[in-house]
Amino acid sequence: MTSFSNKQGSLRRFYAIGNWKMYKTIPEAENFVDQLADFLAGNENSMYVGIAAPYTVIYDLNMEVQDLELPIFIGAQNMHESHEGAYTGEIAGSMLVDVGASFVILGHSERRLIFHESNDLIAAKVKSALDCGLLPILCIGETKEQKEKGETISLLKKQIEESLQLVPSLKDKEIVLAYEPVWAIGSGKTPTVNEVQEIHVFCREILRKLYGEKAEKVSIIYGGSVNTDNARTFAEKSDIDGLLIGGASLISESFYNILINCSK
Ligand code: PGA
């Protein structure tokens with residue numbers, strides 16, 4: 001039996017989230033989980049396995065996962081900050097819940113850079129997601145240029161503080177923070193595991209200033225060119241509480257191998 005367990009002794013849940021971006025039709029998505037079914041049947045579900053799918057796929061994928069009784073959560077990659085309204089082409093968090101989404105990625109660098117999303121806008125989305133009962137996976141990360149100028153730490157601090165400005169306390173609500181250096185996304189380049197570990201410790205310090213002891217329970221995950229070869233080395237670090245996986249989550253075999261490599 002396959003068991004994807006939490007890191008021993010960690011207060012925090014381990015997350016493995018696939019970000020499918022604008023890939024996969026309904027048949028392709030169903031095929032993907034069918035291929036994972038045999039492998040995932042034994043997951044005791046202490047690891048949170050999620051797929052952030054295109055909107056059009058969420059409902060059918062969720063049905064398929066339920067039919068197969070697979071311990072996978074289906075989520076979205078973005079949402080509008082309002083609960084409803086005259087916003088042609090947009091989608092509300094409550095609508096995502098309606099089709100079976102459990103979580104939503106917010107503030108991904110592709111949203112920040114291509115669609116000009118600001119920290120203030122992302123903050124409104126985080127609040128709205130929490131109000132709807134969706135788990136927000138809040139992405140932060142520096143560009144190559146910002147890294148070279150030595151701005152990483154101040155930028156991450158600003159992104160965290162401003163994106164969480166409408167969440168005064170965590171109470172029993174849950175958020176996940178995803179550190180994704182922009183230069184590592186889809187590039188095959190990654191920071192070293194020790195660099196990521198240090199940055200996650202720094203991010204937790206910021207969270208501690210905002211939320212006190214509750215910060216210990218916030219999972220901080222890493223994303224950017226995660227693959228079957230490097231996943232485990234990231235997962236082994238005490239402050240890397242999961243992975244956000246783009247390209248390597250599109251092929252069921254490589255996604256499965258990442259899950260296996262991260263399990264103890
Ligand atoms: P990548 O993408 O794994 O293909 O680098 C990660 C992401 O964009 O979330």
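1. Cysteine 139 stands opposite alanine 178 in S6. The coordinates are a predicted model, in which local features need pLDDT of at least 70, side-chain atom pairs count only at pLDDT 80 or more, and totals for chains, interfaces and linings use all residues. Residues are numbered from 1 along each chain as its sequence is written, and side-chain values use heavy atoms, with hydrogens and water left out.

2. Strand S5 (residues 135–140) pairs with S6 in the parallel sense, over four bridges. Strands count as paired if DSSP finds at least two bridges between them. Strands here are DSSP runs of E with at least two residues, helices are runs of H or I with at least four, and both are numbered from the N terminus.

3. On its other listed pairing, S6 runs parallel to strand S7 (residues 219–223), again with four bridges. Here alanine 178 stands opposite isoleucine 221 in S7.

4. Within S6 (residues 176–179), Val176 and Ala178 point one way, while Leu177 and Tyr179 point the other way. All of these residues are buried, where buried means under 20% relative accessible area, exposed over 50%, and partly exposed in between (1.4 Å probe, protein chains only).

5. Isoleucine 221 lies in strand S7. This residue counts as buried because its relative accessibility is 0%. Leaving aside neighbours within four places in sequence, isoleucine 221 is in contact with Val176, Leu177, Ala178 and Tyr179, among others; contact means heavy atoms within 4.5 Å. The contact list also includes Tyr15, Ile17, Ile137, His200 and Asp241. Isoleucine 258, 37 residues from isoleucine 221 in sequence, is 14 Å from it in space, C-alpha to C-alpha.

6. For the chain as a whole, there are ten helices and eight strands. The radius of gyration is 17 Å, close to the 18 Å that the globule rule gives for 264 residues, so the protein is as compact as a globular protein of that length. That radius is taken over C-alpha atoms, and the rule is 2.2 Å times the number of residues to the power 0.38. Along the principal axes, the C-alpha atoms fill a box of roughly 45 × 45 × 35 Å.

7. Buried residues make up 53% of the 264 residues. Of the contacts between residues at least 6 apart in sequence, 76% join residues at least 24 apart.
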